[in-house]
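Thanks for coming. Please have a look at the sequence and the model before I start.

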Amino acid sequence: MSSAVTETPVAQPRPGKKGKPALSEGKKAERRLGLLLCAPAAIVMLLVTAYPILYSVWLSLQRYDLRFPAQQKFIGFANYAAVLTNSYWWTAFGTTMLITVVSVAIELVLGMLLALIMHRTIVGRGLVRTVSLIPYGIVTVVAAFSWYYAWTPGTGYLANLLGPDAAPLTQYIPSLLIIVLAEVWKTTPFMALLLMAGLALVPDDLLKAAAMDGANAWQRFTKVMVPVMKPAILVALLFRTLDAFRIFDNIFVLTSGANDTSSVSMQTYNNLLKGLNLGIGSTMAVLIFITVAILAFIFIKLFGTAAPGSDTGGKR
Amino acid sequence: MGKGKRRVAAVLGAGMLASGALAACSSDKGITINIYYAPEDTFQSVVDNCNAQAGGRYHIVYNKLQRGADDQRQGMVRRLAAGDKGLDILGLDVTWVPEFAEAGWAEEWTGADKAAAEQGVLPGPLKTATWNGKLYAATKNTNVQLLWYDDRITPQPPQTWDQMMAQAQQLKAQGKPHAVLFTGAQYEGLVVVYNTLVESAGGHILSDDGKSVVMDAGAVKALEILKQVTSTGITDPSLTNQKEDETRQAFQRGNGAFELNWPFVYASYAKEQPADLPHFKWTTYPEVNPGQPAKTTIGGYDLAVSSYSQHKPEAFEAALCLRDKDNQKFSALKDGVPPSIESLYTDNTPLDASKPVNPDDNPSMQTAYPMRDTILAALKNAAVRPLTPAYQSLSTVISKVLSPPSKIDPQKTADELRSQLSDALQSKGVIP
C-alpha cells in the first residue's frame, strides 16, 4: 500500500478550454515533446502501481482460495459483504483507528516539542538532530523485537519492573499501550523533522514584533507560529496518519494480533498468507486502499493540506 | 552512455554467472533431492544414512524449515503457489495433508510406493496422510498426549474428567498442588485439547468427508467440560498464556497435579529433575464418558512428494527411506519422536544391536519410552483432527472462539463455532 501516497488524487484544477488562449505552434510542439518525455515514466508508473491495484480488485470479486483451486469463480461483491459484516474485521478496523489517532496525536505533541528544541539549539545542532533521528533509522522489525523482549517476563527489564509475573503483552489494554509506545518512539523523530522544516518558515521578525506587542511565549506559539506552520503541520499529519493506518510490523512482532490487537493490515496478511484466501485477502487490501484514499481526501480537500508535490499550499 | 553500457554488461554478466552456477548444481553431482522439513536435531544423520543407501543415484539435501509450524507451512506454500521446482519432499504437519493435496501440490502415492508407505503403519497416523480416500504422504512420526501426574500427590490417577476435577478440588482444599495443566493459550494446542474432548465424548466437529459442520451434542459436551475446568479455580493463573513448554515448566515447578501433554515432557523431566523421576507417572488421557476410553488427538509429521518435483521416482524412494523402520527407530530414540510403525513399540533391540542396552548411549525403546505401552494403547484408539483443506482457517477460528476458555457459554459458543466454521469451509469466512 505504499503506493497510496503517490496515488492520492492530486486536485489540480484543469484550466477550462474556453478561457484558454490559443497556443502557438512552437508551444504546441514543446508540449508534445513534454508529453513524450513523460510517457515512459507514466507507463512504468501504471505498470507497477495501477496493475497490481486493478488485479487485486479483480481478485476481490472472486471466490479464489488456493486450497480449492477447482472452485474458483466470479462472485461479485459477496466477499465485500462477507468482510463488511464480519466482527473480526470491524474489531481490527477499530483497533487500527484507535492506534492511528492516539499515536499520531502523541507524536504531534512530542514532535513539536522536539522540533522546537532542535530549532533553538545553538550548541551541537547537528549532533542533537542526528541523535534524535536515531530511532527513525532503526529498522522497525528490529526495534519491535527489542520491545518484545523488554516486555516479556524473564528476559525483559521493563516487564520485570511491573512485577515478577507480569506479562503485559498477553492483555488487551497493556499490549495496545505497548504498540502505541513502540510506534511513537519510532516515528516521533520523523514528525519532528517535518515540523522543523515548518518552523524554519516562521520569520524571526514576526516573532520579535509579536514579542514587542506584549505577546507571551504561548501566545507567540499559538497565534504566530502555528498559523504560519499550518501547511507543514497538515502535511506531517497526513503522512503520519496514512502511515500509522497501515501499521503492521510492530503488531506482527509484539502480539501477532492476539487479544484483539490485530490491525487491518495484519488481518489482511493472515487471510492472504495464512488462510491462502486470495479473494477475501484482496477484498481487505482494497478496503484498506479505499480507506487510505478517503483519509487523504479528507486531509487535502477539507483541511486543505498541500498535496505533496504541488507548489500551492492551502485550501482550494 | 558509457555508464549505461557498463550497467547492462554487469547485469548480463551476473545473469551468466548465475545460470552457470545453476547448471553446475544439476549436472555435476547427479540428482539432488531437496527435502524441506522442520528442524530436528539428528535428522541429518537419517539423511546421511539414506544417501549412503542410494549409492550415488541421488543425493538428498536437508533444507531446514523455520521452527514455528505456521512459518514452516507459509514457507512451503509460498514456493508451491509459484510452482517452484526446487522442492522435492515436503515435511508436512499431519493437519496439512488435505490442504496440500487439494491444492494440487502433493503427488498421490500409488502402487508399490503406496504399499511400502502403508506397511505396518498404525491406522490413526495413516489416516492423517490420506485425503478423499487416496494416500498423499508417508507417515514419518506420530505423537499422542498422555496424562502425567506425580504419585506423591495423586497415588491413584483419575480415569475421567469428573474424577480429575473432583481430585483437583480436594487437593486445593488441602492446600496442595492441584492445578489441571494443559495448553490453554489461543493457538493450535487449545484446538488439540478441544478436539480430544469432542472425540472422547463421541462427538464430531466436521462430517467425515470434511465438507460440512456437525458440532453435535458431543461437541457441546466438550465445551461444557472446558468451561467447567477453567472456571472453577483449578487451572493455572497463566493458563491462557501456556503452550506445550509453559505447561511442562509449570508442572516441573510443582504448580500442578495433572499435566496433559505430549511424551517429550518425560525426557525433559528425566534431564532436569532426575531425583524425582521415579514419581513422575503417566496414564491414558482421562475419559469424558466413564467406561469409554478417551480418543486422543494425534500429532506428528508426514512426508509428501511435491507435484512440481522434477525427480518424482527418486523423491518417492528417498521419502520411503527417510521414514523406514530403522530410521523411525533412530529418530524415536535420538529425537524423541514416537514412531508410526506399530512393530517398533515391541522392539527390544537397542540402537546398536551388537552392544548391550545402556540408557545413556545405547537406548532401546524400553529405556527411552517406558510409557510405550500407554502410547501404543492411545494411538490405537486415536482421534485425528478434522480432515479438510481449510484446516488452518478452522483452527484459527476455533482457538479464537474458545479463548479464554473460562468465558465459554456452551450453547452459544457452539452456535458461534457452527456458523463461523461453515463460513471458513466455504472460503467466505474472515480469519482473525
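First, the ground rules. Residues are numbered from 1 along each chain as its sequence is written, and chains are lettered from A in the order in which they are written. This is a predicted model, where local features need pLDDT of at least 70, side-chain atom pairs count only at pLDDT 80 or more, and totals for chains, interfaces and linings use all residues, while side-chain values use heavy atoms, with hydrogens and water left out.

Chain A has 13 helices and 2 strands. Helices here are DSSP runs of H or I with at least four residues, strands are runs of E with at least two, and both are numbered from the N terminus. Of the 316 residues in chain A, 43% are buried. Buried means under 20% relative accessible area, exposed means over 50%, and partly exposed is in between, with a 1.4 Å probe and protein chains only.

Now chain B. Domain 1 covers 15-143 + 298-371, and domain 2 covers 146-283; these bounds come from an automatic or database domain assignment. Their C-alpha centres lie 30 Å apart. Between them, 9 residues of domain 1 of chain B are in contact with 9 residues of domain 2 of chain B, contact being heavy atoms within 4.5 Å.

How many salt bridges does the rule find across that interface? It finds 0. A salt bridge is a side-chain nitrogen of Lys or Arg within 4 Å of a carboxyl oxygen of Asp or Glu.

Over all chains, the structure holds 23 salt bridges. One of them joins A:Arg240 and A:Glu107, at 2.7 Å from N to O. A:Arg240 sits in helix 10 (residues 217-245) of chain A and A:Glu107 in helix 4 (residues 87-120) of chain A, so this pair ties together parts that are 133 residues apart in sequence. A:Arg240 is buried at 1% relative accessible area, and A:Glu107 is buried at 0%.

In chain B, B:Glu99 and B:Arg73 form a salt bridge, with their closest N and O atoms 2.7 Å apart. B:Glu99 is in helix 4 (residues 97-102) of chain B and B:Arg73 in helix 3 (residues 69-81) of chain B, so parts 26 residues apart in sequence are tied together.

A further salt bridge, B:Glu272 with B:Arg248, has an N to O distance of 3.3 Å. Here B:Glu272 is partly exposed at 49% relative accessibility, whereas B:Arg248 is buried at 7%.
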